[in-house]
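Here is a short briefing for a reader meeting this structure for the first time. Please keep the sequence and the model in view while reading.

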Amino acid sequence: MPGVTPELLALLQTPEGADALAAAAEVGDGEPLAAASALRARGFGAELAAAALTQASLRRRAAVKFGPDATRMFFTRPGLEQATRAVVAERRAARLAASGAATLADLGCGLGSDALAAARLGISVYAVEADPGTAALAAANAQAAGLADRITVTCADATTVDVERFDAVFADPARRQAGRGRVFDPKSYSPPWDFVAGLAERVPRTVLKLAPGIDHGLLPPGAEGEWVSVGGDLVEAAFWCGPLASAPRRATLVGVGELTGSGLQRAPVGPVGAWFYDPDPAVVRSHLVAEFAAAIGGRLGDPEIAYVYTDDPVDTPFARRLAVTDVLPFSLKRLRALLRDRGVGTLEIRKRGSALVPDQLRKDLKLSGPLAAGLVLTRVDGAPTVLLTAHS
């Protein structure tokens, strides 16, 4: 448990530890050595001071994911990176509660984000974590939130849990390995994919949190595949099984809206229009670009490229819309001349279906001028194409 031992965690939960955390929050924005000296000058031991400063730093970073709750939670750097954002955990908990689940097995609970959200809605959670240090932090977070009576944290191998005792199961398999970083093959997850995928056969109300790049082919029969974005960032995929499934595919833009569909439709293809739409990554990864295009009366310029076009502007929360000013076959010489004539010195470059590297292209274009524009590198009907768009 980098940065805090079980003994230091226990100390951080005492009145002295609380004082150290409060002091660290006051001075933690300063230079590290000066902050450590300031805490030791207040009578805190070196180890406690270091642990408190680490937590203060992580709590500041965690505010993006957890809001005000971060100020009383305990973290590790890897745990924070992998933790579910509070707004996503709250949505998941609401769906579980609405399904009638009163008890939940949380397999691979990490720091406890999903367990906390479920417990706040009255669900009794049995949270399981294989790493002893992380399990201790999850228990501390449950205690800090006043939810220890609804969350039982156990350090155990998830594969040993008698999941049939619970109304629902939530599993978040570890997708990192020590010394290797992220793993992309589900067979290398911990617990392994065969176990995770088999949970729905044991407990119908099963939901799996997975990497956004998960293969659609791994979706269990009849399950719902959901891809979730927050502020334009694709943060996770979730497979909802059994009675929890309500659509084949779902793109969820938290705080914005949802788009559902089969994920199998094909959008019409036609010429580039006056308006260009770059769908949210949740729409693209959920294979709902055709449904999005239908919603705005749009079309693709190429059957394999997830950019959508219309002749008239349509307001939509599911994509970034830009006005197209020029469409031309890719030619470095011609493009450089056009941008020079327009006085463009700053480019926002988007690409899909192009092997060009934006930073290298900027150098090759030798941009100069006071104006800004957008540039889209793509394919239209299979041909490399450049779109110039009005700067937004």
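The model is predicted. Two packed helices are described by the angle between their axes and the distance between the axes.

**Helices α3 and α4**

- Helix α3 spans residues 32-41, and helix α4 spans residues 46-66.
- Their axes lie 9 Å apart, at an angle of about 130°.
- The crossing of α3 past α4 is right-handed.
- On the α3 side, the contact is made by Ala35, Ala36, Leu39 and Arg40.
- On the α4 side, Ala46, Ala49, Ala52 and Leu53 take part.
- By class, this contact of α3 with α4 holds seven nonpolar residues, one charged residue and no polar ones.

**Helices α2 and α3**

- Helix α2 covers residues 15-27.
- The axes of α2 and α3 come within 10 Å and cross at roughly 145°.
- This crossing of α2 and α3 is also described as right-handed.
- From α2, the residues Ala20, Ala23, Ala24 and Val27 meet Ala35, Ala38 and Leu39 of α3.
- The contact of α2 with α3 has seven nonpolar residues, with no polar and no charged ones.

**Helices α2 and α4**

- The axes of α2 and α4 are 8 Å apart, and the packing angle is about 55°.
- These two helices, α2 and α4, are therefore oblique to each other.
- Their crossing is right-handed.
- Helix α2 brings Glu16, Gly17, Ala20, Leu21, Ala24, Ala25 and Val27 to the contact with α4.
- Helix α4 answers with Leu48, Ala52, Leu53, Gln55, Ala56, Arg59 and Arg60.
- Sorted by class, the contact of α2 with α4 has nine nonpolar, two polar and three charged residues.

**Cavities**

- Rolling a probe the size of a water molecule over the atoms shows where empty space is left.
- How many cavities of 30 Å³ or more does a search of the whole structure find? It finds three.
- The largest cavity has a volume of about 70 Å³.
- Its lining consists of Phe66, Asp69, Ala86, Ala89, Glu90, Ser113, Leu116, Ala117 and Arg120.
- Helices α6 (86-98) and α7 (113-120) each supply at least two residues of that lining.
- Helix α7 gives the most, with four residues.
- The lining of the largest cavity divides into five nonpolar, one polar and three charged residues.

**The second largest pocket**

- The second largest pocket holds about 350 Å³ of space.
- Its lining is made of 16 residues.
- Nearest the centre of this pocket lie Gln265, Arg266, His287, Val289 and Pro303.
- The elements that give two or more residues to the lining are α10 (281-285) and α11 (289-296).
- By class, the lining of the second largest pocket has ten nonpolar, three polar and three charged residues.

Definitions and conventions:
Residues are numbered from 1 along each chain as its sequence is written. This is a predicted model: local features need pLDDT of at least 70, side-chain atom pairs count only at pLDDT 80 or more; totals for chains, interfaces and linings use all residues. Side-chain values use heavy atoms; hydrogens and water are left out. Axes are lines fitted to C-alpha atoms, for helices over the stretch in contact, and angles run from 0 to 180 degrees between N-to-C directions. A crossing is left-handed if the near helix is turned anticlockwise from the far one by less than a right angle, and right-handed if clockwise. Contact means heavy atoms within 4.5 Å. Ala, Val, Leu, Ile, Met, Phe, Trp, Tyr, Cys and Pro count as nonpolar, Asp, Glu, Lys and Arg as charged, and the others, Gly among them, as polar. On a 1 Å grid over the protein atoms alone, a cavity is a set of points where a 1.4 Å probe fits but cannot get out, and a pocket is an open set with protein on both sides within 12 Å along at least five of seven lines; lining residues have an atom within 4 Å of a point. Grid points are joined across faces, edges and corners, and a volume is the space filled by probe spheres set on the points. Angles under 35 degrees count as roughly parallel, over 145 as roughly antiparallel, 65 to 115 as roughly perpendicular and the rest as oblique.
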